[in-house]
Amino acid sequence: MDRIPILRMGNFLLVTIQVDLYDRLALTLEADLVQMVKKTNAKGVLIDISAVSIVDSFMGRIIGNIASMSKILDSETVVVGMQPAVAITLIELGLPLKGVHTALDVEKGMLLLKSMIDENVDDADLDEQDDAFAE
Amino acid sequence: MLSLSKETIKVLKEQDVVLLRNRVKEVAVKIKMGLVNQTRLITAASELLRNMLRYANGGNCIVEIVSSGRNNGVRLTFIDKGPGIPDIALAMKDGYSTGKSLGLGLPGTKRLVNEFDIKSKVGEGTTVTIIKWANG
């Protein structure tokens with residue numbers, strides 16, 4: 001079965017969707033991604049949809065789901081690279097993707113993730129991060 | 001309204017959706033439809049295909065290039081032999097769904113296209129026709 005690769009980059013997970021999604025592929029991605037968040041202790045998920053030309057209500061819902069699921073696993077999600085035509089279509093369709101953070105490109109998305117995670121860091125997490133840097 | 005080309009595509013499984021989306025895209029590019037309208041049309045098609053697969057186990061889609069006056073457009077007709085929709089007015093309401101979806105499919109689709117027509121008979125099936133004009 002087809003699968004969308006999930007890359008690990010430090011504290012973050014990186015997903016670049018390069019193919020046209022059909023329902024099962026999107027559902028598999030959702031399940032894989034949530035598993036990976038737990039397994040890798042990821043603090044952030046970055047989803048690049050710059051190559052996706054169509055986001056319909058189902059796909060939109062999956063993106064929203066991934067963001068909410070990651071959130072309750074203590075991880076932030078940022079969707080980057082949405083094409084303008086996709087944004088127009090999503091709003092007209094009635095799917096404003098509330099609760100999903102977005103950025104224009106991968107670079108800005110990474111900065112946003114970093115800033116969100118810095119805000120969330122409390123003392124306990126600081127120790128952990130120091131350890132991570134020492135490695 | 002003149003029909004300039006016509007083909008029928010069977011949709012029976014999820015992967016057929018990708019195939020049909022590509023075909024619709026080709027047709028839309030052929031009549032020089034702008035990118036935003038293409039995206040609207042393909043998204044609308046995607047919504048209706050999903051309905052057809054979920055509620056009626058698939059059906060047929062007729063892809064046509066139509067012409068009316070100086071306007072060219074793409075007409076898509078989705079025909080299934082599913083259970084039918086008992087109350088179309090209710091199905092067209094935002095946020096209503098008998099399944100587990102968001103209930104955006106039909107009303108959302110209507111907002112994305114220029115012309116939208118739905119006919120349904122309980123026990124016989126549903127036919128949805130949409131038209132998107134190249135510059136509409």
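1. Interface. Chain B gives 23 residues to the contact and chain A gives 20 (contact means heavy atoms within 4.5 Å). This is a predicted model: local features need pLDDT of at least 70, side-chain atom pairs count only at pLDDT 80 or more, and totals for chains, interfaces and linings use all residues. Residues are numbered from 1 along each chain as its sequence is written, chains are lettered from A and ligands numbered from 1 in the order written, and side-chain values use heavy atoms, without hydrogens and water.

2. Buried area. About 2000 Å² is buried between chain B and chain A (the accessible area, with a 1.4 Å probe, that two parts lose on being put together, summed over both). Carbon and sulfur atoms give 55% of that area. B:Glu14, B:Arg21 and B:Arg50 supply 26% of what chain B buries against chain A, more than any other three residues.

3. H3 of chain A (residues 84–93) packs against H2 of chain B (residues 35–56) at about 50°, with the axes 9 Å apart. Helices (H or I, at least four residues) and strands (E, at least two) are DSSP runs, numbered from the N terminus. Axes are lines fitted to C-alpha atoms, for helices over the stretch in contact; angles run from 0 to 180 degrees between N-to-C directions. The residues of this contact are six nonpolar, three polar and three charged (Ala, Val, Leu, Ile, Met, Phe, Trp, Tyr, Cys and Pro are nonpolar; Asp, Glu, Lys and Arg charged; the others, Gly among them, polar).

4. Helices within chain B. H1(B), residues 14–30, packs on H2(B) at about 150°, with the axes 10 Å apart. That makes H1(B) roughly antiparallel to H2(B) (angles over 145 degrees count so; under 35 is roughly parallel, 65 to 115 roughly perpendicular, the rest oblique). Ten nonpolar, two polar and three charged residues make up the contact of H1(B) with H2(B).

5. Sheet. Chain B has an open sheet of five strands, in the order E1-E2-E3-E5-E4, with antiparallel pairing (two strands pair if DSSP finds at least two bridges between them). E1 (2–11) and E4 (115–121) of chain B are at the edges with a single partner strand each, so one side of each has no neighbour in the sheet. The twist averages 15° from one strand to the next.

6. Helices on the sheet. H2(B) touches E1, E2, E3 and E5 of chain B, and its direction makes about 10° with that of E3(B). H4(B), residues 105–112, touches E4 and E5 of chain B, and its direction makes about 150° with that of E4(B).
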